[in-house]
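Thanks for making the time this morning.

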Amino acid sequence: MKKRDINQINKRIDDGEANIYTAEEFKKLIKEDNAPSFDEVDVVTTGTCGVMSGTAAILNFIVSEPGEFIRADKVYLNGVPAYAGPCPNEWLGEVDVILHGTSHSINDEGYGGGFLLKDIMEGKSVDVRVESVDGKTIENTITKSDINRAQIIGSRMAFKNYTAFTNPNSEAVSSIFAATPLEGNLSGLTFSGCGDLNPLENDLPHNVIKTGKKVLLNDAEAFILGDGTRSNPQKPNLMLSGDLTQMDSYYFGGFKTGQGGEIFNTVAIPIPVLNEEIYNNLLICDSDVTLPVADIKGRHLPLAETNYYELWGTYDLRPQYDRAKCSVCDSCEVENVCPTNAFSNQRLDLSRCFGCGMCANFCSHDAFDMNTGSVDLKINEKDVNIPIICRQSDRLRANKLSLKLKKMIKSGEFKL
């Protein structure tokens, strides 16, 4: 079996001779029957972007002058509860908190930890309320500059395996796996996963993606802490950590679901091609990556099976918005259902758009043009065609961060 070591690859990078591909570029060559050989590829940068519920942030910030309160008991940021501690910071006027990406504001179920972290990193003011153990209430406003330390810890990120969902029941079902309550009678399908771009799809069984390895998390250098909390050999995922203050808010944020606000992240991981086994694992394509289709009431209720080519195919990654077709409805359905709040006041903010497809599927006046596709399945012995109405992963962001990582490796900014 052919082999090379990481020092050989790094030397080729330093000499400007390394052949580095993004996963998107590499898969395109495979599909064109023009894949580079083992000798012709040194590194492939992989990526994924999607809702990652296991995300938390550890924050430290000042809320008052020293001596004003003993220590925090309860903390709220824009109404989102954060958990005080573990350090008590007695009489210091500052707090350490753990903020869950899935925590929801006590004032707005649709606003949660993901939206809050994005607001902080975009420099917006955040209202803070601290209830102390000595019965005091401290209210203040902070911005990014008031935060001394902010670290993201993802307890399970970059899942290799996902499940697609549809609703065979007669009534709508609310779930974290759909942006709104999913209507029944197999009227729509929702799914997650970036298919053959995903890091763990391209490196089984963890030949390269190992504890301590450096990655990009939301455009900041981060590290793999190990396997995620629900990882197993069949369904692996990763535990990652990086400095929130170094992250680009484009790559993360809130995502509204039928069960309230969630959080999405983007991860890019380099795969140095050290041997032929690693190379052969990189040859996987969307059509090879299967995923079950389950009843929205639970992953334990499988209905059928499909693959990522059927779900992504050559479908659109972003909508086209025709403002002339907008009827300026009294209550805009797209504003109501857009998971990332990318549409408001007749304007589509593509920097916030996730490409989920909800706008095109819910605008009653066809102001949004986006082909999100459909999938043919056999369910209960019947052939059905179900439209794809919501994606909870974003291949565009995954591709962008993979490309950024490729450029950083070539320039020497990111060392393998």
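Thr163 counts as buried in this predicted model, because its relative accessibility is 12%, and the cut-off for that class is under 20%. Thr163 sits in the loop between S9 and strand S10, the latter covering residues 164-166. If we set aside the neighbours within four places in sequence, Thr163 is in contact with Ser192, Leu291, Pro292, Ala294 and Arg299. There is also a pairing in space that I would point out, namely that Thr163 and Gly193, which are 30 residues apart in sequence, lie 8.6 Å apart from C-alpha to C-alpha.

Ser64 is found in the loop between S3 and strand S4, where S4 spans 72-77. With a relative accessible area of 11%, Ser64 is buried, and, leaving out residues up to four places away in sequence, it touches Phe69, Leu92, Gly93 and Ile138.

Why is strand S6, residues 94-100, described as largely enclosed by the rest of the structure? The reason is that 5 of the 7 residues of S6 are buried. Strand S3, residues 55-62, runs antiparallel to S6 and is joined to it by 7 bridges, and within this pairing Leu59 has Val97 in S6 as its bridge partner. Strand S5, residues 80-84, is likewise antiparallel to S6, here with 2 bridges, and Tyr83 finds its bridge partner in Ile98 of S6.

Let me turn now to the open spaces. The largest pocket has a volume of about 530 Å³. Of the 25 residues that line this pocket, Phe159, Tyr162, Phe177, Arg230 and Arg299 are the closest to its centre, and you will recall Arg299 as one of the contacts of Thr163. Strand S9, residues 147-157, and strand S17, residues 290-295, each supply at least two residues of that lining, with the largest share, 3 residues, coming from S17. In terms of residue class, the lining divides into 11 nonpolar, 8 polar and 6 charged residues.

The second largest pocket holds about 310 Å³ of space. Its lining is made of 15 residues, and those nearest the centre are Lys31, Asp286, Gly313, Thr314 and Arg395.

What about enclosed space? Rolling a probe the size of a water molecule over the atoms shows where empty space is left. The count comes to 2 cavities of 30 Å³ or more. The largest cavity has a volume of about 90 Å³, and it is lined by 16 residues, of which Cys338, Leu348, Cys353, Cys356 and Cys359 lie nearest its centre. By class, that lining has 13 nonpolar and 3 polar residues, with no charged residues.

The second largest cavity comes to about 40 Å³. The lining divides into 8 nonpolar residues, 1 polar residue and no charged ones.

Finally, let us take the chain as a whole. How many helices and strands does the chain have? There are 8 helices and 24 strands. The radius of gyration of the chain is 22 Å, close to the 22 Å that the globule rule gives for 416 residues, so the chain is as compact as a globular protein of that length. The C-alpha trace spans about 70 × 55 × 45 Å along its principal axes, and buried residues make up 54% of the 416 residues. As for contacts with a separation of 6 or more, 71% of them are accounted for by residues 24 or more positions apart.

I will stop there and take questions.

Technical notes. Residues numbered from 1 in each chain as written. Predicted model: local features only at pLDDT ≥ 70, side-chain atom pairs only at ≥ 80, totals over all residues. Heavy atoms only, no water. 1 Å grid on protein atoms, 1.4 Å probe; cavity = no way out; pocket = protein on both sides within 12 Å on 5 of 7 lines; lining within 4 Å. Points joined across faces, edges and corners; volume = space filled by probe spheres on them. Helix = DSSP H or I, 4+ residues; strand = E, 2+ residues; numbered from the N terminus. Nonpolar A, V, L, I, M, F, W, Y, C, P; charged D, E, K, R; others polar. Buried < 20%, exposed > 50% of the residue type's maximum accessible area, 1.4 Å probe, protein only. Pairing = 2+ DSSP bridges. Rg over C-alpha atoms; globule rule 2.2 N^0.38 Å. Contact = heavy atoms within 4.5 Å.
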